[in-house]
Amino acid sequence: MKTYQFRFNNNKKTAAILLWFFSTLLTITLTTTILVVPVEDYFPNWLLLLTFPLMLLSIYKLYKVASRRQSIEIITVNKEGFTSSCFGSVLFSEITSIKIPAREISLLGGVNYDYYKRTEADIPHLVTSITANDGKTFCWVLDEWGGLYNSKEDFSVFFDFLTALTDQMYPLYHDNETVSTYLKILDENGSWEKSREQNLIG
């Protein structure tokens, strides 16, 4: 058995984050305006006593909600399948689809970090999902070069897990059990679907 531990963005609380983000913007704007503009001309003195605590509360709530988007994942892989501390267990034979953003991962020949620095384009949030035949979905969002929710080392561990996953699944659907590349079981876009496999076993 092999264990992989990493942090990732669970992509939850999006609505709450947006709510507190705009609340923070609004309260910061109001508080700054009251401090800069002569109070006696436009705003009553007591308004600052209201907006300043609200601003601090909004910033605190935004931080707390945003921090809940980070989860710590521990995955244990054995010969039959893997167990996720966040999503549960699944057998390799029960996996019906895999979607990996292969074209965006530099380790697979995708766009490298220099491109994003040179163009000032936003570094992508790489969404990887695995679906089982009972409808259960395993979904992880990570930044390859590190970000708010995971480090570069976290992504490296996650990539090792993906490599182990595809290496384990390849013999289930192919006669040749020698795996020479990470993308052996996937197409050029990083996708695989069980229904499309001609050599399906079981």
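**Exercise 1. Getting an overview**

What percentage of the 202 residues in the protein do buried residues make up? Work it out, then describe the overall build.

*Solution.* Before we start: this is a predicted model, where local features need pLDDT of at least 70, side-chain atom pairs count only at pLDDT 80 or more, and totals for chains, interfaces and linings use all residues. Residues are numbered from 1 along each chain as its sequence is written, and side-chain values use heavy atoms, with hydrogens and water left out.

Step 1. Buried residues come to 36% of the 202.

Step 2. List the elements. You'll find 5 helices and 8 strands, in the order β-α-α-α-β-β-β-β-α-β-β-α-β. Helices (H or I, at least four residues) and strands (E, at least two) are DSSP runs, numbered from the N terminus.

Step 3. Check the contacts, meaning heavy atoms within 4.5 Å. Of the contacts between residues at least 6 apart in sequence, 63% join residues at least 24 apart.

**Exercise 2. Tracing salt bridges**

Which residue forms a salt bridge with Arg7? Find that pair, then two others.

*Solution.* Step 1. Use the rule: a salt bridge is a side-chain nitrogen of Lys or Arg within 4 Å of a carboxyl oxygen of Asp or Glu. The structure holds 4 of them.

Step 1. The partner of Arg7 is Asp154, with the closest N and O atoms 2.9 Å apart. Arg7 sits in strand S1 (residues 2–9) and Asp154 in helix H5 (residues 152–173), so look for parts of the chain that are 147 residues apart. Arg7 is partly exposed because its relative accessibility is 31%, whereas Asp154 has 9% and is therefore buried.

Step 2. Lys99 and Glu193 form another salt bridge, at 3.9 Å from N to O. Lys99 belongs to strand S5 (residues 95–99) and Glu193 to strand S8 (residues 191–193), so this pair ties together parts 94 residues apart in sequence. Lys99 is partly exposed at 37%, and Glu193 is partly exposed at 25%.

Step 3. Arg103 and Glu188 also pair up, with their closest N and O atoms 3.5 Å apart. Arg103 is in the loop between S5 and helix H4 (113–119), and Glu188 is in the loop between H5 and S8, so parts 85 residues apart are tied together. Both Arg103 and Glu188 are exposed.

**Exercise 3. Reading a hairpin**

Do strands S6 and S7 run parallel or antiparallel? Describe the pair and one residue in it.

*Solution.* Step 1. Two strands pair if DSSP finds at least two bridges between them. Strand S6 (residues 126–132) and strand S7 (residues 137–142) are joined by 6 bridges and run antiparallel.

Step 1. Pick out a facing pair: Leu126 stands opposite Leu142 in S7.

Step 2. Now the turn. S6 and S7 form a hairpin with 4 residues between them, and Gly135 in the turn has a positive phi of about 90 degrees.

Step 3. Zoom in on Ser129, which lies in S6. Ser129 counts as buried because its relative accessibility is 16%. Beyond its neighbours within four places in sequence, Ser129 contacts Ser97, Ile98, Lys99, Thr137, Phe138 and Cys139.

**Exercise 4. Finding the core**

*Solution.* Step 1. A nonpolar core is a set of buried Ala, Val, Leu, Ile, Met, Phe, Trp, Tyr and Cys residues joined through side-chain atoms within 4.5 Å.

Step 1. The largest core has 31 residues, and among those with the most contacts inside it are Ile95, Trp140 and Phe161. S1, strand S2 (70–77), S5, S6, S7 and H5 each give two or more residues to this core. The largest share, 10 residues, comes from H5.

Step 2. Follow Ile95. Leaving out residues up to four places away in sequence, Ile95 touches residues including Phe82, Ile130, Leu165, Met169 and Trp192.

Conventions:
Buried means under 20% relative accessible area, exposed over 50%, partly exposed in between (1.4 Å probe, protein chains only).
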